[in-house]
Amino acid sequence: MSKEILRTKVKDLLSMEAGQDVLAKGWVRTKRGNKEIAFIALNDGSTIKNIQIVVSKNPDTESLLAKVSTGACISVRGKLVESPGSGQAVEIHAEELEILGECDPVRYPLQKKDTSFEYLRTVAHMRPRTNTFGAVLRLRSQMAYAIHEYFHKRGFVYLNTPLITASDCEGAGQMFQVTTLPLENVPRNKKGEVDYSKDFFGKQTSLTVSGQLEGELGATALGEIYTFGPTFRAENSNTPRHLAEFWMIEPEMAFYDIKDNMDLAEDFIKSLVKYALDNCRDDIQFLNDRYDNSLIERLEGVVNTEFVRLPYGEGIKILKEAIANGKVFEYPVDWGTDLQSEHERFLVEEHFGKPVILTDYPKDIKAFYMKQNEDGKTVRAMDILFPKIGEIIGGSEREASLEKLENRINELGMSRKNLEWYIDTRRFGSCPHSGFGLGFERLLLFITGMQNIRDVIPFPRTPKNAEY
Ligand code: 4AD
Ligand code: MG
């Protein structure tokens, strides 16, 4: 009787010394062979690489091998030996082969002939089994780890902010309502308005668009905090850079001014890219070789370059000059209007050729909480714009003055009812502070080189799409 051996992951098998008895489990990528032997490429998700299984054909194995088709799940016990073939150092010579789960080759949704990203989105429950999505999802996990590590090393407190909220942080009115009221028979008050006192929370609530306001409560008590969680925007934008449900990392720091904020954001993002290059090389190399052979160069470029820091007004001047010199944009450029991604990309990709931190935006296109500049027109905002992505980070120094904050809230006609707790931070021991939000999927777009944000999150939520 063979002694029992534990399963070893493919990633570890590939770096083990030949000569040992091993047990591998995983999903069949391909099977090929001749009359005498079959070669199976086996993957278990631990690495982009497969391990080669060699099975000699005999009456016993023939019937099993017939069931070894792409996608099938198998278990193989055998000897790890040096591989004579190129492409791998070791392979397994199978002694026992077991089929754990057959896979109907005709109905299996992942066929060689159709692997377009559009098609794969329609079978998103299966696409993690592809090489590309395996690489992307491993990178996603690694980057989440790198983010926690970055902040923990620097003494930031990880703060969990609520997903259900009664306040609209960004004031853009793009919130998904959360309610248990019967939609077919909504209770109304005497004025005929919806009676939210009858709703689950006794008031109107939504899914949060940002954890920042609660993050500020944390920073003004704990010093430096960060949040990392899902955020929701009912923004009807069908673009390759927008999701209705995306993850955001929001650090918030007491005693940081806008410059400290920019320094942290730049260092943070460079550290994350460097982490990916240092620790996720196989997956990045795969994506580079398969889709975009300037990916690694682009990543290294960001790590080794100083970001441009430029006031919004200067950015507008550059864009206007470009137009005067014949550059054509779809949208107009004027001081006071929000930049479109074509403008952002022009600045980053064509004009400067590197990431740009744009500061001091007009107050009317930014949220109420940003610190107002002396000029009365601009606020101490900072957006980081990246090649191929556009805005990857949005942040600011916060308005610390109670009077100025209240004036701005009133000026915008915002309801203070659900904001008094926030305003208290300025009433009781107010301090200068700053923070920013990094869109996790936008970071992943940059790091993986993928073109569409739907392809860097396992189960994307976009307008008219909430499958799985
Ligand atoms: O610029 P935003 O709206 O800023 C905030 O929410 C602030 N409260 C952040 C802060 O200062 N704490 O969003 C921040 C980032 C954007 O730069 C972008 O990377 C990402 O979140 N983002 C989205 N990512 C995917 N889909 C969407 N619909 C996104 N909207 C914003
Ligand atoms: Mg923004």
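This is a predicted model: local features need pLDDT of at least 70, side-chain atom pairs count only at pLDDT 80 or more; totals for chains, interfaces and linings use all residues.
Residues are numbered from 1 along each chain as its sequence is written, and chains are lettered from A and ligands numbered from 1 in the order in which they are written. Local features need pLDDT of at least 70, side-chain atom pairs count only at pLDDT 80 or more, totals for chains, interfaces and linings use all residues, and side-chain values use heavy atoms, with hydrogens and water left out.

Helices (H or I, at least four residues) and strands (E, at least two) are DSSP runs, numbered from the N terminus. Two packed helices are described by the angle between their axes and the distance between the axes. Axes here are lines fitted to C-alpha atoms, for helices over the stretch in contact, and angles run from 0 to 180 degrees between N-to-C directions.

Take helix 4 (residues 131-153) and helix 7 (residues 281-291): they pack at about 140°, with axes 9 Å apart. That makes helix 4 oblique to helix 7 (under 35 degrees is roughly parallel, over 145 roughly antiparallel, 65 to 115 roughly perpendicular, and the rest oblique). Their crossing is left-handed (the near helix is turned anticlockwise from the far one by less than a right angle; clockwise is right-handed). On the helix 4 side the contact (heavy atoms within 4.5 Å) includes Asn 131, Thr 132 and Arg 138, and on the helix 7 side it includes Asp 283, Phe 286 and Tyr 291. By class, this contact has 6 nonpolar, 2 polar and 3 charged residues. Ala, Val, Leu, Ile, Met, Phe, Trp, Tyr, Cys and Pro count as nonpolar, Asp, Glu, Lys and Arg as charged, and the others, Gly among them, as polar.

Helix 4 also packs with helix 13, at about 120° and with axes 11 Å apart. Again, that makes helix 4 oblique to its partner, helix 13, but this crossing is right-handed. Among the residues that meet are Val 136, Met 143 and Ile 147 in helix 4, and Phe 440, Leu 444 and Ile 447 in helix 13. The class count is 9 nonpolar, 1 polar and 2 charged.

**The pockets**

A pocket is an open set of points on a 1 Å grid over the protein atoms alone, where a 1.4 Å probe fits, with protein on both sides within 12 Å along at least five of seven lines; lining residues have an atom within 4 Å of a point. Grid points are joined across faces, edges and corners, and a volume is the space filled by probe spheres set on the points.

| Pocket | Volume | Lining |
|---|---|---|
| Largest | about 1100 Å³ | 44 residues |

Nearest the centre of the largest pocket lie Arg 233, Glu 235, His 242, Glu 391 and Arg 442. Its lining divides into 18 nonpolar, 12 polar and 14 charged residues, with the largest share, 5 residues, coming from strand 15.

**A loop residue**

Leu 159 sits in the loop between strand 6 (157-158) and strand 7 (164-165). Not counting residues up to four places away in sequence, Leu 159 touches Glu 214, Gly 215, Gly 218, Ile 225, Tyr 226 and Thr 227.
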